[in-house]
Amino acid sequence: MGTVQAQSRMDNNMVGKMTKVDFERKNKEGAATVASIMPNSKKLSAADEALMKEVAMGGMMQLETSKVAVQKSTDPAVREFAQGEVDEQTGLSDKLKAIASAKGITLPATPDAETQQMVSKMQGMSGAALDRHYIKEHGVKGHEKLDKVMSKVKMKGTDDNLTAVAKAAHPLVKTHLKVARDMEGKMGVQ
């Protein structure tokens with residue numbers, strides 16, 4: 001087998017610098033940790049409610065743009081990454097909704113205008129341009145933003161459920177950020 005074929009087959013089993021198996025294992029571990037959080041009915045402070053909404057909106061942005069990447073990407077690694085993101089954000093969203101319901105608050109149910117604009121932009125893209133855009137804007141920049149939000153929740157949040165979500169989800173956010181940066185480097189994204 002030629003070196004190019006061997007490299008191509010190896011790349012098909014990788015997501016960034018992680019094997020698909022390791023990437024999927026990390027995603028499942030993170031999902032299980034988030035799912036294990038038991039919502040309580042303790043009322044949220046206004047500050048905690050604002051933080052929860054910030055987490056929910058950031059997650060919704062990642063979820064909606066990742067759905068487009070799953071549908072439209074032609075790169076198996078990008079699709080694998082995007083599907084991991086869809087799974088992560090779906091689980092996180094479900095848990096946030098359960099916590100919000102237990103606490104008697106309502107989280108936004110639809111994407112905001114910024115997210116809708118991002119989705120529309122991606123719908124008009126294809127091929128390598130779509131892949132590069134998704135990894136740069138949503139894989140890297142989106143996770144940098146979520147990383148900051150999770151850090152803020154861990155530092156400033158006072159509600160047990162909210163801080164548990166941040167502690168459970170933050171390691172996976174960091175993993176996805178690292179993988180996205182590795183993918184960005186492989187793609188030569190500027």
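Let me begin with the aromatic pairs, of which this predicted model holds two, where rings of Phe, Tyr and Trp (its six-membered ring) pair if their centres lie within 6.5 Å. The ring centres of Phe-23 and Phe-81 lie 6.1 Å apart with planes at 25 degrees, so this pair is stacked; planes under 30 degrees apart count as stacked, over 60 as edge-to-face and the rest as tilted. Distant parts of the chain are joined here, since Phe-23 belongs to helix α2 (residues 20-35) and Phe-81 to helix α4 (residues 76-103), 58 residues apart.

The second pair is Phe-81 with Tyr-134: the centres are again 6.1 Å apart, but the planes stand at 65 degrees, so the pair is edge-to-face. Tyr-134 sits in helix α6 (residues 127-156), 53 residues from Phe-81.

Tyr-134 counts as buried because its relative accessibility is 0%.

The C-alpha trace spans about 60 × 30 × 25 Å along its principal axes.

On method, residues are numbered from 1 along each chain as its sequence is written. Local features of the predicted model need pLDDT of at least 70, side-chain atom pairs count only at pLDDT 80 or more, totals for chains, interfaces and linings use all residues, and side-chain values use heavy atoms, leaving out hydrogens and water.

Methods. Helices (H or I, at least four residues) and strands (E, at least two) are DSSP runs, numbered from the N terminus. Buried means under 20% relative accessible area, exposed over 50%, partly exposed in between (1.4 Å probe, protein chains only).
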